[in-house]
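Please read this briefing alongside the sequence and the coordinates.

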Amino acid sequence: MVAISAAAVSAEVQYLIVIALPSTTWRMLAQPRAGEQLPKGLDAAWDRAAGITNRFVPRRQRFLRRAQRIVDLEKQFAQINDAQLRQKASEFRDLFRCGRQSPSDLEQAFALLREVAWRQLGERPYPVQVAGALALEAGCSAEMATGEGKTLAATMPATIAGWRGRGCHIITVNDYLAQRDAEWMGRIYRFCGLSVAHIQQEMAPAERRLAYQADITYCTNKEVTADFLRDRLALGRLRGLSSALMAKIADGSGRGTDRLVQRGLHYAIVDEADSVLIDEAVTPLIISGDAPNPEQVETFRQAVELAKELQSGRDYHPNHRYREIELTPAGKQRLADLTQPLGGLWKGVRRREELIVQALTAGAFYLLDKQYVVDDGKVVIVDEFTGRLMPDRTWRDGLHQAIEAKETLQVKPPKDTYARLSFQRFFRMYRRLSGMTGTAAEAWREFWQIYHLPVVVIPTNRPCIREYLPDVVFTSESAKWSAVVAEIIRLHQTHRPVLVGTRSVRASENLSQLLRAEGLDHQVLNAVRHAEEAQIVAGAGKADKITVATNMAGRGTDIKLGRGVAELGGLHVLATERHEAGRIDRQLFGRSARQGDPGSAQAMVSLEDELPRRHATHLSAALARRAQHDRRISSALTRRVFDLAQRRAERLALRQRKAVLRTDDWLDEYLGFAGRER
Amino acid sequence: MPVDRPTFSESWYRVAALRPQLRSTVQIHRQYFRGQMWHVLQDPASNQFFRLNEAAHRFVAMLDGRKTVAQVWQICNDQLGDSAPTQGEAIQLLGQLYTSNLLQAELPPDAEGLFNRYRKRVKREVQGYLMNLLFVRIPLFDPDHFLDRWVGIFGRIFTWYGFVLWLGLVLTGLYFLVGSAGDLLAQTRGVLDPSNIPYLYLGFILAKVCHEFGHSFACKKFGKVSGSGGEVHVMGIMFLVFMPMPYMDASSAWAFRSKWKRIAVSTAGMFVELAIAAVAAIVWARTDPGARLNTIAYNVMFIASVSTLLFNANPLLRFDGYYILSDLLEIANLAPRSRQYLYYLAKRYAWAVRNPHNPANTAGERFWLPIYGIASTLYRVFICSAILLFVAGKFFILGAILALTAVVTWVFVPLGKFVHYLTTSGELIRTRPRAVLSTLIVLAAVFTAIGLIPVADRSRVEGVVEPVELRIIYMKEDGFVTGFMPSEQKVTNQGPPLVTAQSRELETQLKQLQAEGERLKARQRLAQTEEIAEAQVLAYQIAALKKQVEQVEQQIENLKLLAPFDGTWIAPDIEQTKGAYLHRGEKVGLVASLDKLFIRATAGQQVADRLMSKANKSVQIRVKGRPDMQLQGTIKKIPEAGMRRLPSAALGYAVGGSMATSPDDQSGTKAAEQFFEIHITPDENSAVSLITGQRVIVRFETPAKPLMAQWWRSLQQLFQRRFNI
């Protein structure tokens, strides 16, 4: 599919592309191949201190004041006609291209863009949106509540970046949004003399190349990273500008430079920055090829068979906390006996124990509908953090194959990795980066330490009147679920719509059963039924509706309140578990009381939930002992346990992500002879 | 994954298709350590070494620039089975070889990476210097060419006939030494005399230069014999606690296959020094004492033997002895690995870490590593504190700075790293509570031991033994000495007289007065009959004269000097006074109660307060220079007023006492600071008898206090004294 914007490129822009081509290639090659290494020791302490100090800079007030000044310029541009406005935009473009703009020029340009948005889309950005745009322009991570018009706000810094002429990537969550936004906002850009394009998964390299040449490119994080990696593969052993130029001089060819699709990583605005830059940060994107290996496939099947022969307790101990299998000496001996006639890979002691441990792990800790679902004969990973389906992901080191063998699906042999890059490292390579999301404040530490992005919380246009009810704590899960059902019934009797968030697909199915038993009509929304998700979520605000959803189902879709619901008190969000990150809780709660509507939110949790069990093990066990039997034990103390566990989990996660980055740095340093990371 | 060594690594793709090979200059030497075969890779350009075990070597040796890493790994797996390196290990190995500049790939070298590594290394070196001001090495020039030219001659030292010659020389030296052993001991005391220091240092440098050349020539020689290695490219100056001394880098000897050759190179320095010591001994024995050559020879002998054996042969420091020991035990990298092994033990047994990396390869290593680790750690702590205290004593500000850097580098940095490790390490992820708890328990135990449990708080002061009663005997009248009691005799106040003298003058005077008396008496008798009034006058005159006579008689009596109390008569010079005319007031000797002694100890202000208020009255007394003699005593009196004048010059700093004396005072008895005097009487029944004038050390005990409080007080006092706060 050809990008719409690419077809409508003006003559002027076409000219630019032709001229820009070689130089952008060289510029891309000249770009540093890896982000800066994370500081260590005292440097790291200093950097952290800088991050803390940074929080006291009153950015929010500054941006809001400046936004007010921009809004005050409205009159200037309201009176001139379209042609004059275009002319004005062209002047700004020259100014920004040369880098000669003054701070007041920026304000003027923003004011102009507001006017353009009004004339092209019929929406004039609110002062808070302008403030958000300023935050993005300043290279911050802007927290703007969903429904506050992030998409529109992003057009302003994107246009400025487009004028600068080095390209601007706007990273969206999925292809659909990339296309929608590119089309919707394209009118503003084109009015300002800029080309806009978007990347879709199925695009051919030539189309991609054209799309990346556009001034503004809407794409998903996956596509942009994959294209970057493919470019690196195409470059092969050319390390950078110097070696590429040498190759060009030596044999005249570009040695792959003509196959590049991107033109360097200059500026990116990341939508849903917390999910892209934090939650998915360490997930590596892998470009791989098939490596058919029938022998190995057979081995995985055998492993599953052999695993059935072993007995828990006697031959191995499962460790539920760390999700590990430990073979006992007896088990090892038994395995040796069992594999005696098999030969092949089973001869090596280490290898065979590895295989069997994998098969046992797959059997004991990876459960259908919790960690994965089977969709269309394939194992699809469910993100445990968010409940989202991750069709492109696979588990590593043969675990995926072990699970496939367990489910008696077709075992696909592990693929050969050609190139691999985590999003974390990829986004650190951008010269300028800014992000916007509904929930950033909790993650300020990570945004600073890893991306050097200060977090700015932009207020909502209309004051938020969401009512947070204190958490209700139970000792056991069963007590919690019956209380959840009772609460749903109570709310349902008032005709208020209820949105119940669950953490896993399994939990949502369980709750659905309980509700059915009570004869309550409800909708279940989990990542498995992703097709109609957005519509269901959109309808969740109508009176008498009960919606059960995994947390991330239909994220980014607005829930509009039905008629009369506001008077009843708006949408009530009921969380059935707290998450490893406070942000995710807030994302769920943030589905109610949008844009000044009324609404309320509450979490019902139990000591048997995963969060307290994993991150406050001893405390929650002690509390459970004290409570003795199933009951409600809400108190400041018990709630505090959950906060504590959450903080611990957040800290642990940050540390792990940093460790991944450090390991990558180490590899880069030690594998210098292998060329830079591909 | 609970698998110890996962076969696959997700980073494998980065190296799998490469065709790296070792650099052509890299030399591989096969060596045996404790029966295991190892391969030592040497980069002659940088003189870096890298030790590989059999499996790793197999892997590396197969990398020939034609096969890919993946192919080689596959072959290794087929051949070696489970002992083949895993993908992760292979990556690590390749990375380490690459960063040691031992590996080249078909790609052009990553220039940026090279420069980065270089910058990092320089930075690390500079940091190393700053962190370790006490051991700075400055390379100066490359002696290799020089050594090559002369090894033909000097290398002969390290042959069998060289050894025989050496043995002969050392034996001759010993012979002379034994011959004049008496002088040897007599001169020992003067070694650290200030006037001797320049010669001492000269001798030191001389000996050390020869020492270093010994290493280098040995290294060259054995390198030539075995046909490889033996290059010495660095010579320079090392500042060991600010004292410059030469050093050479003979580490290329590590490549020798035979451990005896490696040991020979390590011992060569001491070998040469002992030969020098022998020559010096001969020279010293054959020259006149007091001659300059004699002094120099003596110092050289002292340094080349004693210092070498104490210093270089000590395996607990990183000098020759360490390398000898590590080769003898066949444990490479003994010191770091012994430390790692201690960590390993803690991880495994105290913290219950699963599968910690065990640095010991064989049973023998498991025995030696902990022993060496503990011994060297304790010794390091000891030697470092000793050096710090020494430097702090000499130059306070510098010492304080050094102490500060030392505290930072040896205490805070490791502590910080340790805390960081304890709180964040992935290794501890499941046993963290246990690790933290066990560490806290140990810390708490140490803290209780030094911070809470009171330990006897003792302090020592010096004193002199004095008799309780002592009277100097002066002449009471002028006179010629006619008789005297010989010195060192017991005397009583009943007599016999100590000194008897004669005074003709007095005798004449007496006679005159007596004659005058007779005359007056005669006149009186006359006057009684003739004139009563005159008789009256004469009676008065006679009475007056009588008094005069008595006086003179007394004066004559005074010429016999009697002891004022029972004691010992001490007059060493009395023999010379025989027949001499002594004036009144002249000193002839003294009488002292030598069997009733007491001790006058002096305490500076630092201790005085504690002594006065809290000290136990019973004290321990030891005689200086006689540590075997020990007796008890009791504090009798502490005069409250501070004093400036020492009771004896023997207590002054100038003659080896502990009290600082003021430099402008010639007599050496004026203390630089006020002090307090303490009188102590030794207990009666003690077996040891003290002698007047002996210097003693008195140990007081004040109420027990935790060690930490005691140290803190000492530190405070140190600072207070230096800065007069």
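This is a predicted model: local features need pLDDT of at least 70, side-chain atom pairs count only at pLDDT 80 or more; totals for chains, interfaces and linings use all residues.

**Overall form of chain A**
- Chain A contains 28 helices and 21 strands, and along its principal axes the C-alpha trace spans about 80 × 75 × 50 Å.
- The radius of gyration of chain A is 27 Å, which agrees with the value near 26 Å that a compact globule of 678 residues would have.
- Of the 678 residues in chain A, 47% are buried.
- Among the contacts in chain A with a separation of 6 or more, 74% are accounted for by residues 24 or more positions apart.

**Domains of chain A**
- The domain assignment divides chain A into domain 1, made of the segments 4-33, 56-287 and 423-457, domain 2, covering 291-414, and domain 3, covering 465-645.
- Between domain 1 of chain A and domain 3 of chain A, the C-alpha centres are 37 Å apart, and ten residues of domain 1 are in contact with ten residues of domain 3.
- On the domain 1 side of this contact with domain 3 of chain A, the residues comprise four nonpolar, four polar and two charged.

**The seven-stranded sheet of chain A**
- Seven strands of chain A form an open sheet with parallel pairing, in the order E3-E4-E2-E5-E13-E1-E14.
- At the edges of this sheet are strand E3 (196-198) and strand E14 (455-457) of chain A, each of which pairs on one side only.
- Neighbouring strands of the sheet are turned against each other by 20° on average, with direction ignored.
- Within chain A, strand E1 (residues 141-143) pairs with strand E13 (residues 432-437) in the parallel sense over three bridges, and A:Glu143 stands opposite A:Thr437 in E13(A).
- Helix H12 (residues 221-235) of chain A lies across strand E2 (168-172) and strand E4 (216-220) of chain A, and its direction is at about 105° to E4(A).

**The surroundings of A:Asp175**
- A:Asp175 lies in helix H10 (residues 175-191) of chain A, and it counts as partly exposed because it has 19 C-beta neighbours inside 10 Å, whereas a buried residue would need 20 or more.
- Leaving aside residues up to four places away in sequence, A:Asp175 touches A:Gln200, A:Gln201 and A:Thr220.
- The C-alpha atom of A:Asp175 is separated by 24 Å from that of A:Glu137, a residue 38 residues apart from A:Asp175 along the chain.

**The contact between chain A and chain B**
- The contact between the two chains takes 27 residues from chain A and 26 residues from chain B.
- On the side of chain B that touches chain A, the elements giving two or more residues are helix H1 (13-16) and helix H4 (87-99) of chain B.
- By class, the residues on that side of chain B divide into twelve nonpolar, eight polar and six charged.

**Strand pairing in chain B**
- Strand E12 (residues 489-491) of chain B pairs with strand E15 (residues 567-570) of chain B in the antiparallel sense over three bridges, with B:Gln489 standing opposite B:Trp569 in E15(B).
- E15(B) is also joined by three bridges to strand E17 (residues 587-592) of chain B, and these two strands run antiparallel; in this pairing B:Ile570 stands opposite B:Leu590 in E17(B).

Methods: Residues are numbered from 1 along each chain as its sequence is written. Chains are lettered from A and ligands numbered from 1 in the order in which they are written. Domain bounds come from an automatic or database domain assignment. Two residues are in contact if their C-beta atoms, placed from the backbone, lie within 7 Å. Ala, Val, Leu, Ile, Met, Phe, Trp, Tyr, Cys and Pro count as nonpolar, Asp, Glu, Lys and Arg as charged, and the others, Gly among them, as polar. Two strands pair if DSSP finds at least two bridges between them. Helices (H or I, at least four residues) and strands (E, at least two) are DSSP runs, numbered from the N terminus. Axes are lines fitted to C-alpha atoms, for helices over the stretch in contact, and angles run from 0 to 180 degrees between N-to-C directions. The radius of gyration is taken over C-alpha atoms; the globule rule is 2.2 Å times the number of residues to the power 0.38. A residue is buried if 20 or more other C-beta atoms lie within 10 Å of its own, exposed if 12 or fewer, and partly exposed in between; C-beta atoms are placed from the backbone.
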